[in-house]
Amino acid sequence: MRSPRPRLMKGFAALAAAGLLLAGCAQQASVSPDPVEHYKGEPKGVTAPASSAGGAPWAVWMDKAGDEFAVTLYGSADCPPYATGYKVTAPDQITMKLKKAAGDCPDGYMPFTTVFQTPPNLDREVTIQFTAQQTHFYLAPIKKKK
């Protein structure tokens, strides 16, 4: 009778290879692409929500399909705040990476918008929580779950 050990070892090797492959995919999905665009002002063609009054950051879908989203931050014109990237920390959470200020910046209340492609591992059917400028803000679902 042959030992089941060689078959067992092949099974473990296949399982380990699949695990490495999946880990590589998960790591790639959390890496943000470069911004699509960045500009002074609020997102083009979008009305700012009431929650942005007083300079609170906010996010918006840039198209009906949710292929792109914009993040608007407020700050000084001398040291404009803007997002340089993001990290998806859960299917419904994004932490923004921000450009660091070069030095002392005067207070300001000017909007600056950065547009990004939506990552495939972000659930567009739930409310997304963003974290930036030491605060949380939210993006409504693109469509509701049925």
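Four strands make up an open sheet in the order 1-6-3-2, paired antiparallel. Strands here are DSSP runs of E, at least two residues, numbered from the N terminus, and two of them pair if DSSP finds at least two bridges between them. Strand 1 (37-40) and strand 2 (58-61) sit at the edges with a single partner strand each, so one side of each has no neighbour in the sheet. From one strand to the next, the twist averages 20°, with axes fitted as lines to C-alpha atoms and angles running from 0 to 180 degrees between N-to-C directions.

This is a predicted model, where local features need pLDDT of at least 70, side-chain atom pairs count only at pLDDT 80 or more, and totals for chains, interfaces and linings use all residues. Residues are numbered from 1 along each chain as its sequence is written, and side-chain values use heavy atoms, leaving out hydrogens and water.

Inside the sheet, strand 3 (residues 68-75) and strand 6 (residues 110-117) run antiparallel and are joined by 8 bridges. V71 has T114 in strand 6 as its bridge partner.

Now for two residues, with buried meaning under 20% relative accessible area, exposed over 50% and partly exposed in between (1.4 Å probe, protein chains only).

| Residue | Relative accessibility | Class |
|---|---|---|
| S76 | 6% | buried |
| T131 | 23% | partly exposed |

S76 belongs to the loop between strand 3 and strand 4 (83-90). Its side chain has a polar atom 3.0 Å from the backbone nitrogen of D78.

T131 is part of strand 7 (residues 128-132). C-alpha to C-alpha, T131 and K97 are 9.2 Å apart, though 34 residues apart in sequence.

How values were computed: A polar contact is a pair of N or O atoms within 3.5 Å; within protein, one must be able to donate a hydrogen and the other to accept it, and residues adjacent in sequence count only if both atoms are side-chain atoms.
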